[in-house]
Structure formats: structure tokens, C-alpha cells
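Here is a short briefing on one protein model. Please keep the sequence and the 3D view open while reading.

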Amino acid sequence: MDRLSGLMPFVRSAELGGFAAAGRDLGLSPSAVGKAVAKLEKELHVRLFQRSTRRMQLTEEGRIFHERCRRILEDLDDAHAMLAQTLEVPRGRLRVSTPTVSYHFLLPALRAFAARYPEIELDIDFNDRLVDLIGERVDVAIRSGNLPDSRLMARPVGRYRMMLCASPEYLARYGIPACVRDLDQHLGVRFRFTDTGVLQDWPLPKGADEPDFKVRTVLTCNNMEALLGATIKGFGIGWMPDFLVDDAIANGALQAVLVEAVQTQGQFQAIWPSSRNLSPKVRVFVDFMAQRLFK
């Protein structure tokens, strides 16, 4: 630790432009700061500063060494701050953005989370819009798909699989598709992404010499709950996540089709703005959801 603490006089001298200013900042005499820097130069066998009667500036070696030392000391400060935060009781308002349909799996976990952390006020925005976490000051979001911004951090919180489903009434009228090519004879209920307006793809396998299947779309919507309702009402075949359709399949309102052909899986992630000091309320929320969702 003595070697590490000896870096501070050098770093502050470089940043403040001299031993006297660094000494005032550190509570040391200019002589003590100068001796610490000279000892460091002796240990490294390199000159870190070019000194003159009027000014002092870093050598090229000193500039490179200063940049590395500055990062080391910042990381040490962050480690201290993070450790101190673990002793804090998480509290305050927590703004969470999550897809509308996620309430199916999220609400039970939120109830347990609120019971464990009663001093955190949950502010949940169920919205399919891709929010700007930094610009809109959202603490954490739950989203599927790729990380949209390099300024964000992410942690997986659960996997799901997609399913093709239709109502028994619809299947009695149009027949049960036995293979992907049979979808040419069926009607589709399709989801349209809110932000892009693009129809959600059905990435189903087919033979190398087969053309794409041409399911006829009879209804599109930008809300998964509406898509579920339209599929139950018999509009056509819908492509939906398992957590959304499980209850409808269990009670007979829907029937899964082409189960063996559908291999598509998705993953939800908790994402939050990257920062050196992750707040306790965000940290416990992400940890809790990673342990509880889809378990």
C-alpha cells in the first residue's frame, strides 16, 4: 500500500502544475512532495518531470505513467465508494421502463421485491417504446434484443421461447398445419414494432430448395396483448412468447402448432446507464430480478 500511496504526490503535482500546489492539496510540504516524486523516479529509473526555475512539465514517459496512475487511483476511489454503498440501505424512487407485456412475469417478482426493500419506491413504465435511459433519467430498463447503446450496461434476467398458436375454432375451420409450407394456406396475426413500424418476422426453418412461406396477414397490431386477444378470437395464427400464451394453452383457449419447427428463443436483459458508482437501489433490483424472473 506504501507504493500505491506514493503515487499521489506525483499525480497531484502533474495535475496542479507543481510541488507547492500539490503539497497544499495533500497537506504536505513542497519538500515532502518533491522527495516523494524523486524517490519514485529513482525506483522507476526514469525522469518524470522536466524542471526549470519557471515551470515544471511532464516528460513523455511521465505523461504515459501519469495517465495509468490516474486510472489506478480513480479505480481505488471507486472501490472504496462501492464498498461503502454496500452498507447503505437501498432507498428512494426507482424508475423502471419495461415492455407492456412484461407484467405477466414481472408483477409477482415486483411484489416480492417491494416486500424485501420497503424503502424503495417503484415507478414502473410499462411501455413498448424504446426509451432513452440517459436522456429520460430512467434508472433501469428490462428489454429483449441487442444492447442499443454503448453507454449502457446489461445483465441477462431470463429466457423465453416463441410459439405459434391458434384457437381451436380457427383450427377446426382451416385445419392444423403439419409443416411450415402449410402456412401458405393460413391467416396470420402479426405484431408490428412500435419504434420501427416493421412487422415481426417468423423465423421458421424450411428446406434449402423451398421458397419462403406466404402466410396471409389479416391483422397487425403493435400491442402483444391485443395480438393475444385477436388470436384467441380466431382471427388467425399468432407468433407470441410462451409466458404470454401459457395460461391460454392451459385452459384450452389456444393450441400450439408446429411446436417442433419453432426453435426461436429470446432473452430479457436488465440494462442501465454505465457509471462508476452503481446506486444501491439499481444494484439490488438487477440482482433480485436475475435471481427471480423465469425461475
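Histidine 45 sits in the loop between α4 (30-44) and β1 (49-51); helices (H or I, at least four residues) and strands (E, at least two) are DSSP runs, numbered from the N terminus. This is a predicted model, in which local features need pLDDT of at least 70, side-chain atom pairs count only at pLDDT 80 or more, and totals for chains, interfaces and linings use all residues. Residues are numbered from 1 along each chain as its sequence is written, and side-chain values use heavy atoms, with hydrogens and water left out.

**Backbone with positive phi**

- Histidine 45 has a phi near 60°, a positive value in a residue other than glycine.
- Histidine 45 counts as exposed, at 74% relative accessibility. The classes are buried (under 20% relative accessible area), exposed (over 50%) and partly exposed (in between), with a 1.4 Å probe and protein chains only.
- Arginine 137 is not a glycine either, yet has a positive phi of about 55°.
- The loop between β4 and β5 holds arginine 137. Arginine 137 is exposed, with a relative accessible area of 68%.

- Valine 138 counts as buried, at 7% relative accessibility.
- Valine 138 and proline 273 are 135 residues apart along the chain, and 8.5 Å separates their C-alpha atoms.
- Alanine 141 is found in strand β5. Alanine 141 is buried, with a relative accessible area of 1%.
- Alanine 141 and leucine 164 are 23 residues apart in sequence, but 27 Å apart from C-alpha to C-alpha.

- Helix α2 covers residues 7-16, and its buried residues include Leu7, Pro9, Phe10 and Val11. Arg12 and Ser13 in α2 are buried too.
- Arginine 12 and glutamate 15 form a salt bridge through their side chains (2.3 Å, N to O). A salt bridge here is a side-chain nitrogen of Lys or Arg within 4 Å of a carboxyl oxygen of Asp or Glu.
- Arginine 12 and glutamate 15 are 3 residues apart in helix α2, so about one helical turn separates them.
- An α-helix has 3.6 residues a turn, so residues three or four places apart point the same way.
- Glutamate 15 counts as partly exposed, at 37% relative accessibility.
- A network of salt bridges links Arg12, Glu15 and Asp25.

**Other salt bridges**

- The count comes to 12 salt bridges by this rule.
- Aspartate 287 and arginine 155 meet through their side chains in a salt bridge (2.5 Å, N to O). Aspartate 287 lies in helix α10 (residues 280-292) and arginine 155 in strand β6, so the pair ties together parts that are 132 residues apart in sequence.
- Aspartate 287 is partly exposed, with a relative accessible area of 28%. Arginine 155 is partly exposed, with 30%.
- Aspartate 184 and arginine 181 form a salt bridge (2.6 Å, N to O). Aspartate 184 counts as partly exposed at 24% relative accessibility, and arginine 181 as partly exposed at 26%.

**Largest pocket**

- The largest pocket has a volume of about 910 Å³. On a 1 Å grid over the protein atoms alone, where a 1.4 Å probe fits, a pocket is an open set of points with protein on both sides within 12 Å along at least five of seven lines.
- The pocket has 31 lining residues, and those closest to its centre are Ser144, Gly145, Tyr160, Phe191 and Phe193. Lining residues have an atom within 4 Å of a point.
- β5 (140-144), β6 (152-166), β9 (237-241) and β11 (265-273) each give two or more residues to the lining. The largest share, 6 residues, comes from β11.
- By class, the lining has 16 nonpolar, 11 polar and 4 charged residues. Ala, Val, Leu, Ile, Met, Phe, Trp, Tyr, Cys and Pro count as nonpolar, Asp, Glu, Lys and Arg as charged, and the others, Gly among them, as polar.

**Nonpolar surface patch**

- Tyr103, Leu107 and Phe126 make a nonpolar surface patch of about 240 Å². Patch residues have over 30% relative accessible area and no salt bridge, with nonpolar side chains (Val, Leu, Ile, Met, Phe, Trp, Tyr) joined within 5 Å and like charges within 9 Å.
- Phenylalanine 126 lies in strand β4 (residues 120-126). Phenylalanine 126 counts as partly exposed, at 30% relative accessibility.

Conventions:
Points joined across faces, edges and corners; volume = space filled by probe spheres on them. Areas by Shrake-Rupley, 256 points an atom, 1.4 Å probe, with all protein chains shown as cover.
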